[in-house]
Amino acid sequence: MHIWNRNKNKKARKPKRFSLKRLKNRKLRQASISAAGLAAVLVAVVLINLIATSLTDRYDLTLDLTSNQLYEITDETKDMLRNLEDTVDITILASEDDFETDTYYGKVYTLLQKYQNLAGDKLEVSYVDPYTNPNILDRYSDLASPIQLGSMLISYGDNTRVLNQTDFYDVEESSSSYGYYDVTGFQGEQALTSAITSVTNDDTPAVYILQGHNESISSSLSSLFTDAGFDANTLNLTETDEIPEDAAVLVISLPQADYTEDEIDRIDAFVKDGGDLMVFDGTASPSDLPVLYSYLSEWGIQVQADMVLDADYNIDNAADILAQLTNAETNDDIASSDLTLVTPNAKSITLDEDSAASDRTVEALMESRDTSYAKVLTDETEYDSYDKEDGDTDGPFTLAALAEYTGNDNGGQVFVCTAGIMISDDLMGASSLMNKTFLSNVVSHLQPAIDIVSIPSKSMDAEPLILGSISRFIVFVVLALIPIAMFLSGILVFFRRRKL
């Protein structure tokens, strides 16, 4: 019997032989591919980091997630930085690492980065450690402001302003620890912008705050002028016969003793020659200053012997009234503000153009509300309460007025405010109030050639972080989607490699 073998005509297959060399080559090839992939990823990460760093240096790509937008800057500052004609030099007396990591200067460092991104090469920032470069202190030894570790020196040509740590923050005396102060607000943008604006001004006018009549000088009012680029000084007219030639503005701040006829004559000549006068009343009655208020009446501004009250619109009591702006053209730039004017212990003003000389005009800038009323004040008057009574005069009342001299082309002006306490440091420093903004606007009108910087400080109180829809989406992508995607891709790579 013949048995047919169907595999007879087929070549016999040779069994595959195991090759250690082939296995090693295969593993080496896989390792090379993995290494090349890893190297490519590292190169891509480095390139992305370099590109991101370059873009961050050139553009403001940071996202401010603080609840009060602590590091955001206003359009006013952005326009100022973009319009710089020449380079402003900022020298910081500290190493960059120390300045950046400091508890308080660190916030200034972050804000300064935004300024650099907007100004480009028009803002040169350098860090000089005074411990390793002690000669730097001698270079600025003639400056009036104190120089210390961390001081920021803003220079433009021959003009230099010094900013220290206290210039960047609002502080108030601690209610729990006597002699200690709490940091309540960050005013970094106000300090930086006003300093740059002041040093880049071509001319530096002077403001003189008068002394010799028991005046009270508000440091916040002085700062308003220096921040705007004025050279702030004091002047005692009882000790000198001349008003300095560089004087642009004279300030009478809460005097308690009257001026002499000779002093008033010199002030009047100053105004009619183009100077400006600001008067802040702080007396109990105009009868205390008969010469001064007789002079103001010549401008159509008659200060009354009364006290303006408002039981409906006030802060703590009827004497701390909430005032409002008038429709005067001078107020146009701040008319849309939502801030509030607090004007304690105000007296009413009667505007009488008939009593004013024919060579001057007068208008009201600030007034009380319709709900206000006034009580007459005399030496014999006593009141048990601030409640409205029969005989009280109904409001509204003018609380601040501006008169202008039209007898020549110089156009000197006189501003009078009967709520002098509105210039106190606590009211001027409150970011929720319009007191500083209002007075900055008045100074801008008096001296239109000067750019007044008025940027509210930002609260440092701890507040919950509230994110908008876009911010929430970005945080979700960074904290959730990207890690999940990386985790899933890792699992996919793991199972693919198991099959190899």
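Ten of the twelve residues of α11 are buried, so this helix is largely enclosed by the rest of the structure; buried here means under 20% relative accessible area with a 1.4 Å probe, counting protein chains only. The buried ones are Asn435, Lys436, Thr437, Phe438, Leu439, Ser440, Asn441, Val442, Val443 and Leu446. From its first C-alpha to its last, α11 reaches 17 Å, close to the 16 Å expected at 1.5 Å a residue, where the expected span is 1.5 Å times one less than the number of residues. Helices are DSSP runs of H or I with at least four residues, and strands are E runs of at least two, numbered from the N terminus.

This is a predicted model, with pLDDT of at least 70 needed for local features and 80 or more for side-chain atom pairs, while totals for chains, interfaces and linings use all residues. Residues are numbered from 1 along each chain as its sequence is written, and side-chain values use heavy atoms, leaving out hydrogens and water.

Setting aside neighbours within four places in sequence, Phe415 is in contact (heavy atoms within 4.5 Å) with residues including Met278, Phe280, Phe438, Leu439 and Val442.

Overall, the protein has twelve helices and 21 strands, and 41% of its 500 residues count as buried.

Technical notes: Buried means under 20% relative accessible area, exposed over 50%, partly exposed in between (1.4 Å probe, protein chains only).
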